[in-house]
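Let's take a friendly walk through this structure, one part at a time. Please keep the sequence and the 3D view open as you read.

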Amino acid sequence: MTGTTTASGLHLPRYHREAPELRTPVGFPDYKSTALRAPLRTPVDLPQRLTEITGPVLGEDRVKPEDADLTLRRGGEAVGQRILVYGRVLDSDGRPVPDALVEVWQANAGGRYRHAVDSFPAPLDPHFDGLGRVITDSLGRYEFMTIKPGAYPWGNHHNAWRPAHIHFSLFGRAFTQRLVTQMYFPDDPLFGQDPIFNAIPVAARHRAISRYDLSRTQDNWALAFEWDIVLRGSDQTPFETEDDGDIA
Amino acid sequence: MTVNPLDVPDATGPYQPRSGQRGTGFLTEPFRLGVTPSATVGPYLAIGLTWPDGAWAAAEGTEGGIWIRGRVYDGAGDLVPDAMLETWQADPEGGLASPEDPRGASVYPGFRGYSRVPTVEPPGEFALFTLKPGRLPDGEGGLQAPHIDVSLFARGLLDRVVTRIYFADEADANAEDVVLQSLPSDEARQTLLATPTDDGYRLDFYLQGDRETVFFAV
């Protein structure tokens with residue numbers, strides 16, 4: 001078990017940091033909004049201490065059963081291709097992350113978000129608000145029913161279209177593990193021109209793409225997509241290394 | 001330069017499958033799954049990440065409660081009106097409401113220790129209600145100064161950026177804090193010091209520029 005034992009005898013885990021060539025950079029020139037927002041100075045290394053290796057416990061009380069079905073809102077059915085999205089939340093040591101809050105949000109089938117600043121002239125769907133919340137089970141599994149989001153234009157460059165995606169927000173056990181990301185769908189023809197997708201280093205892009213799953217596809221009802229999400233692990237295996245950040 | 005197409009170096013070792021973790025039957029490195037890459041929260045984060053009780057790291061009315069307010073600025077000096085801050089901190093006795101704390105999870109009445117606030121409130125401010133944290137062991141035999149860990153999310157940031165809030169009126173504790181003292185200059189330390197106000201503290205964050213906030217890699 002790696003980590004550090006402090007002078008006061010506390011053993012603290014050390015959360016592995018993915019190598020830079022496998023991590024999304026904060027800024028990416030082709031994504032124009034990063035130009036004035038992504039910090040320009042090199043971040044200062046912050047050794048992981050008590051505040052960093054702990055995190056809030058956010059439980060069941062934040063989630064209602066109906067939050068797992070985005071297709072039924074305000075007394076009606078959302079328009080679009082029904083999909084089941086499911087998977088596991090794991091840490092990079094391969095351990096499931098149980099009882100974890102998963103928050104998702106997305107555009108409707110026409111590519112429109114129910115948000116004041118979205119002016120894309122695709123219709124809003126009265127029965128779709130685009131918000132889902134679930135808690136992972138004891139094996140780290142999550143699933144929700146939704147509709148496949150549409151692609152939408154966003155003005156980053158001429159004819160810029162976001163590939164269909166679902167936003168995911170995850171807490172692990174520790175501040176260090178916090179992750180907000182986007183899930184994509186297989187073989188999207190819009191990947192090539194999307195700087196948000198292409199900001200992910202080539203070697204890690206496949207980790208952001210879900211897999212179509214015929215076995216979970218529901219006959220006469222909904223397609224299924226599987227997506228496992230991996231948070232940073234704490235190297236708590238017998239095969240340890242003192243190097244940080246150089247192991248893929 | 002002439003290249004001989006038949007000049008191919010001999011292999012220097014046995015073929016290794018690219019996965020590295022399968023095929024030989026032996027692990028040469030720690031077993032590790034690839035961490036899911038982050039992505040921006042985008043402009044529509046309010047749909048998914050709005051909590052009615054987000055601002056209340058301490059319950060409304062908790063004795064000793066303070067408001068921490070501030071703004072987020074971009075490299076042009078403009079307000080960032082679509083950012084979100086999350087904060088995580090110890091309670092006033094230095095305990096953490098987390099079972100991951102090797103000292104044990106603390107329970108402090110009315111205290112959650114976590115807040116999530118947008119910067120959309122007019123005029124582009126965030127405001128969170130909390131208790132001033134106590135000091136924590138720094139792992140090097142000393143104590144950390146009271147601090148709050150901050151994750152900042154926004155459109156135009158492909159990953160969260162992490163910083164800390166310290167308190168300008170904790171000069172003695174700050175002078176002993178290993179993180180603050182590791183920073184290169186007073187100017188850098190200053191970017192993390194919240195200053196007292198009528199009902200708490202105030203700290204603005206600068207994503208870029210001369211006053212760029214010190215951000216941390218955790």
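In which loop of chain A is the place of A:S215? A:S215 sits in the loop between β14 (211–212) and β15 (223–226) of chain A; helices (H or I, at least four residues) and strands (E, at least two) are DSSP runs, numbered from the N terminus. With 6 other C-beta atoms within 10 Å, A:S215 is exposed. Here a residue is buried if 20 or more other C-beta atoms lie within 10 Å of its own, exposed if 12 or fewer, and partly exposed in between, with C-beta atoms placed from the backbone. The C-alpha atoms of A:S215 and A:I200 are separated by 29 Å, and the two residues are 15 apart along the chain.

A few words on how to read the model. It is a predicted model, in which local features need pLDDT of at least 70, side-chain atom pairs count only at pLDDT 80 or more, and totals for chains, interfaces and linings use all residues. Residues are numbered from 1 along each chain as its sequence is written, while chains are lettered from A and ligands numbered from 1 in the order in which they are written. The model scores ipTM 0.92 and pTM 0.90. Chain B averages a pLDDT (the predictor's confidence in each residue, from 0 to 100) of 92, and 92% of its residues score at least 70.

Now turn to chain B as a whole. Its secondary structure comes to four helices and 12 strands. The C-alpha trace of chain B spans about 80 × 45 × 40 Å along its principal axes. Of the 218 residues of chain B, 44% count as buried.

β2(B) pairs with β7(B) in the antiparallel sense over seven bridges; two strands pair if DSSP finds at least two bridges between them. In this pairing, B:L85 stands opposite B:L152. β2(B) also pairs in the antiparallel sense with strand β3 (residues 114–118) of chain B, over five bridges, and there B:T87 has B:S115 as its bridge partner.

B:A57 lies in the loop between α1 and β1 (66–73) of chain B, and it counts as buried because it has 30 C-beta neighbours inside 10 Å.

Finally, see how the chains meet. The contact takes 67 residues from chain B and 82 residues from chain A. Strand β3 (residues 44–45) of chain A pairs with β12(B) in the parallel sense over two bridges, and A:V44 stands opposite B:F216.

Notes: Two residues are in contact if their C-beta atoms, placed from the backbone, lie within 7 Å.
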